[in-house]
Amino acid sequence: MFVDVVSIFVKGGNGGNGMVAFRREKYVPDGGPAGGDGGKGGDVVLEVDEGLRTLMDFRYNKHFKAKNGENGRSKGQHGKGAPDLVVKVPPGTLVKDEASSRVIADLVKHGQRIVVAKGGRGGRGNIRFATPQNPAPYIAENGEPGEERHLTLELKVLADVGLVGFPSVGKSTLLSVVSAAKPKIADYHFTTLSPNLGVVRVDDMKGFVMADLPGLIEGAHQGVGLGHQFLRHIERTRVIVHVIDMAGSEGRNPYEDYLKINTELKLYDYRLEERPQIIAANKMDLPGAEENLQKFRQQVGDEVPVYPISAATKQGVKELVFAIYELLETIPEDAFLLTPVTDEQHVTYTFEEEQPDFRVYRENDIFVVEGEKIERLFKMTNFNYDEGARRFARILRKMGVEDELRRLGATDGDTVRILDYEFEFIE
């Protein structure tokens, strides 16, 4: 089964917790701190594997979670970092953030990698919090939670040449003639239900990849027929070969077919209108094809090269293949690929007011505190030790959370909620 769009969930591993521990040493308070740091959580990494052709592997396995880092240990020993979780994807995979629809990466080359969910850093052990004022701290951090996000993976077939045209014009037959591909061929519409790829050899050292894309019909860009599902695969191709039934064997006008298909390509993506195109005037072995070809050439003019062929008898096919190869030689391989980007490289500047680090609002009799920085700090605080709780309260005070609570009317004994936990406000 050909699967080219999937949604997956990825989560980096949590960092390991730091440890509170002490060693035995004379004349040193409590023997001196000796709690080690937690290890870093594993990243979730997407890696291109040229052996894959579809996203079928993601149809039933949609959750990918990296392992957590090890907790810190006594004697100053740090926890071990977790290995990265490497997820294989086929060449031509476009990675998008599902929430924002932002493109994270365009993965096209074998071995290309992108980190899509970073693992959390390990929490610091009490050895990190020792100061001259507090040489034996009872405080350690929990590990930082790993990143998590929902992603959309879109596969756009990597082919040099894309065959487009109405159903039953001979695209699959042409592919089977010029390559070793064995697509299903029958005399009914939509025989081809998924893209077929074939390697076309010009000689022993030269060749290109051709894709037979499911037949388009009028309205394909709006989801009519199968075109909406597979139009995305045309975006990758460097050359479009427009296969036309020049004999009009199904009662259609060849020139009208040409105009309708080009209109669908333009409506789907206006940039496809500028893509180099070659017309394969197919079925020239049938009656009426020669007369239609002469009329067609007059209507098209010098707008696009026309090559009369018969895929069934292989007439003119060799000349078409050489013409395609010569045109491909003039177009860079990465001419129509997106530039691979990472989260760090992809920065969008917006003229919006800077948002505060936190938000406080009242929900009935409870004051709710929200904010990514505060929630991460909360998760990394070990409340089993009083010093950890006091440190958390000090940081909130410095951030201005207490002042905001008072401004909203919080008094001694009121309930404050952070995430799913409730506290008592104390003056």
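How many helices and strands does the protein have? The protein has eight helices and 18 strands, where helices (H or I, at least four residues) and strands (E, at least two) are DSSP runs numbered from the N terminus.

## Basis of the model

This is a predicted model, in which local features need pLDDT of at least 70 and side-chain atom pairs count only at pLDDT 80 or more, while totals for chains, interfaces and linings use all residues. Residues are numbered from 1 along each chain as its sequence is written, and side-chain values use heavy atoms, with hydrogens and water left out.

## Overall organisation

Of the 427 residues in the protein, 47% are buried (under 20% relative accessible area, with exposed meaning over 50% and partly exposed in between; 1.4 Å probe, protein chains only). Contacts are defined by heavy atoms within 4.5 Å. Among those between residues at least 6 apart in sequence, 73% join residues at least 24 apart.

Strand 5 (residues 93-97) runs antiparallel to strand 6, and four bridges join the two. Within this pairing, Val-95 has Ala-105 of strand 6 as its bridge partner.

Strand 15 pairs with strand 16 (residues 366-370) in the antiparallel sense over five bridges, and Glu-363 stands opposite Ile-366 in strand 16. Strand 16 and strand 17 run parallel and are joined by four bridges; the partner of Ile-366 in strand 17 is Thr-415. Strand 17 and strand 18 run antiparallel, again with four bridges, and Thr-415 has Glu-424 of strand 18 as its bridge partner. These two strands form a hairpin with two residues between them, and Leu-419 in the turn has a positive phi of about 55 degrees.

## Helix 6 and its cover

In helix 6 (residues 372-380), the buried residues are Ile-374, Leu-377, Phe-378 and Met-380. The elements that cover these residues include strand 16, strand 17 and strand 18, together with helix 7 and helix 8.

## The second largest pocket

The second largest pocket has a volume of about 440 Å³. Of the 17 residues that line this pocket, the closest to its centre are Ala-393, Leu-396, Glu-402, Phe-423 and Glu-424. On a 1 Å grid over the protein atoms alone, a pocket is an open set of points where a 1.4 Å probe fits, with protein on both sides within 12 Å along at least five of seven lines; lining residues have an atom within 4 Å of a point. Grid points are joined across faces, edges and corners, and a volume is the space filled by probe spheres set on the points.

Helix 7 (386-399), helix 8 (401-407), strand 17 (415-418) and strand 18 (421-424) each supply at least two lining residues. The largest share, six residues, comes from helix 7. The lining divides into 13 nonpolar, no polar and four charged residues, where Ala, Val, Leu, Ile, Met, Phe, Trp, Tyr, Cys and Pro count as nonpolar, Asp, Glu, Lys and Arg as charged, and the others, Gly among them, as polar.

Conventions: Pairing = 2+ DSSP bridges.
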